[in-house]
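I opened my notebook to keep track of what I looked up, one topic at a time. The entries follow the model shown here.

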Amino acid sequence: MDTKENILISAKKTILSESESIAKLIDFIDINFAEATKIIFHSKGRLIVTGIGKSAIIAQKMVATFNSTGTPSIFLHATEAIHGDLGMVQPNDVVLCISKSGNSPEIKALIPLLKRFGNQLIAMTGNMTSFLAKESEYVLNTTVDAEACPNNLAPTNSTTAQLVIGDALAICLMQLRNFTPEDFAKYHPGGALGKKLLLRVQDMLENTLKPMVAPDTAIKKVIFEISEKRLGVTAVVENDKVIGIITDGDIRRMLNENDSFAHLTAKDIMTKKPKTIQSSTMVVDALNILEDFSITQLIVIDNDQYKGVLHLHDILKEGII
């Protein structure tokens, strides 16, 4: 096993073993799964997900997925539950209990207590004849033939199976709720995905400078305006309307083409009809425009009024890309 070749063989064997176990789960997706999903969907309370050991870790991941996709959930460690944490379980909550064997002492102690509370109980287990399976109203089957572990001991295929069934459950609940990308963004406002779905151009303009010059402004003052505002661009404004744009590139081209620029003004070197965007536009859409036209700035205009400049660097700072 100390050779690179053997390491690669072992890694590929593990992946193949887990993928085969996952593929077999399709046969366990039946009416029982559908009914359990509807019970959770129609519940007036939360989904309590509990387990012990490695199953508890999977349960925590499931809770994170459920919460971020519109199903209010909470993690309850099976051991802590029988030492006071049962108080977090409310009458309308549905309980999903995860256990490969379904016969661990903690599970056997917890299940009667939950049933005494009258909560609906859903089992996720790989042992369909276990105490957990027999005592639950609905059972999600995560049976695997064996673990990927060469000793058939370390939870590998079994925990992957739990994770996959949990994901399948979460996706079904998302679709029942008609959960949209906008809904997803509400739960992820601080991340890159949330910003892509929520951030608008107007949100980027609050601290942005607003460079502008008149058409007859001397080139020296144009250069000063571009340098001072540090956006690499200035709008050319006449009668409160943007008639053109001057970028760093325009200045460089002018210097290459003219020995003297004392006689030139902004209107002589500006680019007419610059690319513009409204402040209500999503930043991700603005980014697409920048990429499509291979430019780094967009002039923001609302109702013919110049609002500012959106720069690619500002978008990069937000971590959207």
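**Positive phi angles**

I began with D304, which counts as partly exposed because its relative accessibility is 48%; here buried means under 20% relative accessible area, exposed means over 50%, and partly exposed is in between, with a 1.4 Å probe and protein chains only. I noted that this is a predicted model, in which local features need pLDDT of at least 70 and side-chain atom pairs count only at pLDDT 80 or more, while totals for chains, interfaces and linings use all residues. I also wrote down that residues are numbered from 1 along each chain as its sequence is written, and that side-chain values use heavy atoms, with hydrogens and water left out.

I found D304 in the loop between β11 (297-302) and β12 (305-311), where helices (H or I, at least four residues) and strands (E, at least two) are DSSP runs numbered from the N terminus. Its phi is near 65 degrees, a positive value in a residue other than glycine. Most residues other than glycine have a negative phi. I then turned to K273, in the loop between β9 and β10 (276-277), and saw that its phi is also positive, near 50 degrees. K273 is exposed, because its relative accessible area is 78%.

**Helix α7**

I checked the length of α7 (residues 157-176), which has 20 residues and should span 28 Å at 1.5 Å a residue, since the expected span is 1.5 Å times one less than the number of residues. The end C-alpha atoms of α7 are 29 Å apart, which agrees. Among its buried residues I listed I165, L169, L173 and M174, and I noted that the buried residues of α7 pack against elements including α1 (4-24), α2 (31-42) and α3 (54-68), where contact means heavy atoms within 4.5 Å. After α7 comes N178, whose phi is positive, near 55 degrees.

**The largest pocket**

Rolling a probe the size of a water molecule over the atoms shows where empty space is left. I used a 1 Å grid over the protein atoms alone, on which a pocket is an open set of points where a 1.4 Å probe fits, with protein on both sides within 12 Å along at least five of seven lines, and lining residues have an atom within 4 Å of a point. The largest pocket holds about 270 Å³ of space, a volume being the space filled by probe spheres set on the points, which are joined across faces, edges and corners. Of the 14 residues in its lining, those closest to the centre are I245, T247, T271, I295 and Q297.

Which element gives the most to this lining? I found that α12 does, with three residues. The buried residues of α12 are G249, D250, I251 and M254, and they pack against α11 (219-229), β8, α13 (266-269) and β9. I looked again at T247, which lies in strand β8 and is buried, because its relative accessible area is 18%. Leaving out residues up to four places away in sequence, T247 touches I226, G232, V233, R253 and Q297.

**Cysteines**

How many disulfides does the structure hold? I counted zero, a disulfide being a pair of cysteine sulfur atoms within 2.5 Å. C97 is buried, with a relative accessible area of 0%, whereas C172 is partly exposed at 27% relative accessibility.
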